[in-house]
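Hi everyone, thanks for coming. I'd like to walk you through one structure today, so let me bring it up on the screen.

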Amino acid sequence: MRKTLVLALAVLTVLAVALPAAARSERAPVRAVDAIYADGEAFGTILLGSIPAQPGQEHAFDTLYLVTNGAEGQKPVAETAPGPGYNGGRWLPTEVTWHADAVPTLLTSSADVLMYAQLGLLTIGAPNHDAAFICPLVP
């Protein structure tokens with residue numbers, strides 16, 4: 001439960017940092033510019049809220065890698081960007097941690113995350129179904 005809360009707060013913090021206070025105080029969806037990396041570029045996003053995700057429904061979500069000890073400027077990394085295979089911004093947050101003996105590198109695509117995991121330099125955790133949310137990517 002504590003890990004779920006930490007992951008959810010990390011996502012919300014990253015997304016809210018770039019927003020002016022006036023925008024956060026309204027009931028409108030939360031918008032952020034250059035908040036998430038996907039396919040090597042930074043995307044903006046609109047945080048629409050949480051959505052239930054049950055085990056077995058992973059096909060309806062994409063992974064959002066949350067790098068807890070990343071390089072300077074590290075943002076969450078989306079498994080996919082808008083286009084074929086994109087699930088409309090339905091995300092399963094997944095913690096990624098660099099190993100203590102690794103030098104964190106800026107990760108900007110899921111290919112980066114998977115490559116460094118295969119090299120044994122970082123660990124990808126299990127998707128956190130309790131923290132699933134909707135947050136479409138926008139150019």
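This is a predicted model: local features need pLDDT of at least 70, side-chain atom pairs count only at pLDDT 80 or more; totals for chains, interfaces and linings use all residues.

Strand 1 and strand 2 run antiparallel, with six bridges joining them. Together they make a hairpin with two residues between the strands, and in the turn Asp39 has a positive phi of about 50°.

Strand 2 has another partner, too. Two bridges join it to strand 9, residues 137-138, again in an antiparallel arrangement. There, Gly44 stands opposite Val138.

So how enclosed is strand 2? Five of its seven residues are buried, so the rest of the structure largely encloses it. Take Thr45, which sits in this strand, residues 41-47. Thr45 counts as buried because its relative accessibility is 2%, and the cut-off for buried is under 20%. Its side chain reaches the backbone oxygen of Cys135 at 3.4 Å.

Now for the nonpolar side of things. The largest nonpolar core has 15 residues, and Ile36, Leu64, Ala78, Trp91 and Leu137 have the most contacts inside it. Strand 1, strand 2 and strand 4 each give two or more residues to this core, and strand 1 supplies the largest share, with four. Apart from that core lies another one of eleven residues, including Tyr37 and Val77.

Finally, click on Leu64 if you have the model open. Among the residues it touches are Ile36, Ala78, Trp91 and Phe133. Thanks, everyone!

How values were computed: Residues are numbered from 1 along each chain as its sequence is written. Side-chain values use heavy atoms; hydrogens and water are left out. Buried means under 20% relative accessible area, exposed over 50%, partly exposed in between (1.4 Å probe, protein chains only). A polar contact is a pair of N or O atoms within 3.5 Å; within protein, one must be able to donate a hydrogen and the other to accept it, and residues adjacent in sequence count only if both atoms are side-chain atoms. A nonpolar core is a set of buried Ala, Val, Leu, Ile, Met, Phe, Trp, Tyr and Cys residues joined through side-chain atoms within 4.5 Å. Contact means heavy atoms within 4.5 Å. Two strands pair if DSSP finds at least two bridges between them. Lists of a residue's contacts leave out its neighbours within four places in sequence.
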